[in-house]
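Here are some exercises to work through with the model open beside you. Try each task before you read its solution.

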Amino acid sequence: MTTIEFSKELKWGAATASYQIEGGAREDGRSPSIWDTFSHTKGNVKNGDHGDTACNSYHLYKEDVQHLKELGVDLYRFSISWSRVMPEGTGELNPKGVDYYRNLIEELIAHDIEPMITLYHWDLPQILQDRGGWESRETIEAFKEYAEAMFKEFGDKVKSWITINEPWCASFLSNYLGIHAPGKQDLQAAVDVSHHLLVAHGKAVQAFRKVVPDGQIGYAPNMGWLEPYSPASEDRDASRRGMLWQKEWFMDPVFKGSYPEELLQIFEKENAFLKLESGDLEVISQPIDFMGLNYYSGSLGRHKEGSGLFEVEEVPLDNRRTDIGWPIYADGFFKVLVNLRETYGEIPIYITENGACYNHEVQEGSVNDQERIDYLKQHITSLHRAIKAGVPIKGYILWSLLDNFEWAEGYDKRFGIIHVNFETLERTRKESYHWYKNTIKNKGFPLT
Ligand code: FCB
């Protein structure tokens, strides 16, 4: 029998994010974030869904930690709701908000689960958005203040931190494509936001070194993979261009201290310009301890004139898609990992998210989500191949522990290995939960 086996050193985890699971939106002094505003504005989210209650993890976190414990994970990646801990966006901390995370952290540690905190998983306090949000450089300073306060509160117990989740989504998807909060369609705004997010990342890293010198910090960009449709140079060029705004735009500044010239030119043709201030690139390129990677999907990239900014058409490898419509491309996961090492060197990598959307429901007490297991098997096999190819991978963190509020898709799209009934909030472990538990226990799985 063919088996896939990992070393004992690889860490296994599961991930969630504050707005997607917590609920308690108006409790204990939390102020609204841009996602409260966006989701409560008609037409932005499917079925008018919002995160007011979500999975109610604000109250049920102990139950969630119990599921993590029995799953056997080494670490749990969760995010802090900025507007819960610092309702004014800057200044005073909200003691009840801080307590929620302190209790969660203590509960995790008591169960031998390492907490990994994401500082920014998209829920900017609305009060800061009202002052220009990430388009304004003031938000950089606000983020630094918030980050520093969190390092001081939790840095004695929490040693693994992520500054920004998916800066591409927080900038281009949210401000150019208009799909996520704040829902703008303005390329210049998106370019400004992307740069400010990176400067904010760098400033947080600087603060971290002073407050938590024994900790590790990184960020979590998302990336798909575009494999050239053919070896023809026009397909190779188109694929490379298609990757630029997810990969080089968010990685070159951090690891090379510069933005990619080719993309600056593409943006300039659209009248969007990078507004660089002196010292920005030094701040952004602070050494970090690891790179996160969120990987879900990929395609073949084929040259097509007139198709958007990059003249690339994304052709799925075959007709297999998850229930959110994203093409499945497990080999792309291997390819992107190998490519990242070739481009940026030996920086340790955590897979900070990987997982699949399948909308199975509970039937007679169980959820048979074999498709999710298949997806995980394929992708974790790619991960294994990447490790064998010498990519320094430190951990694999599955998205997601729970079905949750899937942003613009609302509650219809389920990524959890635990089913959540959004009426009763009852949790039911899926077959994939049991499969992942065995995989963690055995450090691998049979490839049948
Ligand atoms: C990523 C997000 C995460 C989740 C997954 C499915 O883009 O970081 O919050 O929505 O996709």
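This is a predicted model: local features need pLDDT of at least 70, side-chain atom pairs count only at pLDDT 80 or more; totals for chains, interfaces and linings use all residues.

Residues are numbered from 1 along each chain as its sequence is written, and side-chain values use heavy atoms, with hydrogens and water left out.

**Exercise 1. Find the salt bridge partner of K46 and say which parts of the chain the pair links.**

Step 1: A salt bridge here is a side-chain nitrogen of Lys or Arg within 4 Å of a carboxyl oxygen of Asp or Glu. The structure holds 30 of them.

Step 2: Look around K46. Its partner is E409, with the closest N and O atoms 2.5 Å apart.

Step 3: K46 sits in the loop between α2 (34-39) and α3 (57-71), while E409 is in the loop between β12 (393-399) and β13 (418-420), 363 residues apart. For the labels, helices (H or I, at least four residues) and strands (E, at least two) are DSSP runs numbered from the N terminus.

**Exercise 2. Take the pairs R102–E153 and K430–D403: are their residues buried or partly exposed?**

Step 1: Set the cut-offs. Buried means under 20% relative accessible area, exposed over 50%, and partly exposed in between (1.4 Å probe, protein chains only).

Step 2: Start with R102 and E153, whose side chains meet at 2.6 Å, N to O. R102 lies in helix α5 (residues 95-110) and E153 in helix α7 (residues 138-154), so this bridge ties together parts 51 residues apart in sequence. R102 is partly exposed at 26%, and E153 is partly exposed at 26%.

Step 3: Now K430 and D403, which meet at 2.8 Å, N to O. K430 is in the loop between β14 (427-429) and α16 (431-442), and D403 in the loop between β12 and β13, 27 residues away. Both K430 and D403 are buried.

**Exercise 3. Describe the lining of the largest cavity.**

Step 1: Know what counts. On a 1 Å grid over the protein atoms alone, a cavity is a set of points where a 1.4 Å probe fits but cannot get out, and lining residues have an atom within 4 Å of a point. Grid points are joined across faces, edges and corners, and a volume is the space filled by probe spheres set on the points.

Step 2: Pick the cavity. The search finds 3 cavities of 30 Å³ or more, and the largest has a volume of about 110 Å³.

Step 3: Of its 17 lining residues, the closest to the centre are I34, A170, N175, A181 and P182. Helix α8 gives the most to this lining, with 4 residues.

Key:
On a 1 Å grid over the protein atoms alone, a cavity is a set of points where a 1.4 Å probe fits but cannot get out, and a pocket is an open set with protein on both sides within 12 Å along at least five of seven lines; lining residues have an atom within 4 Å of a point. Ala, Val, Leu, Ile, Met, Phe, Trp, Tyr, Cys and Pro count as nonpolar, Asp, Glu, Lys and Arg as charged, and the others, Gly among them, as polar.
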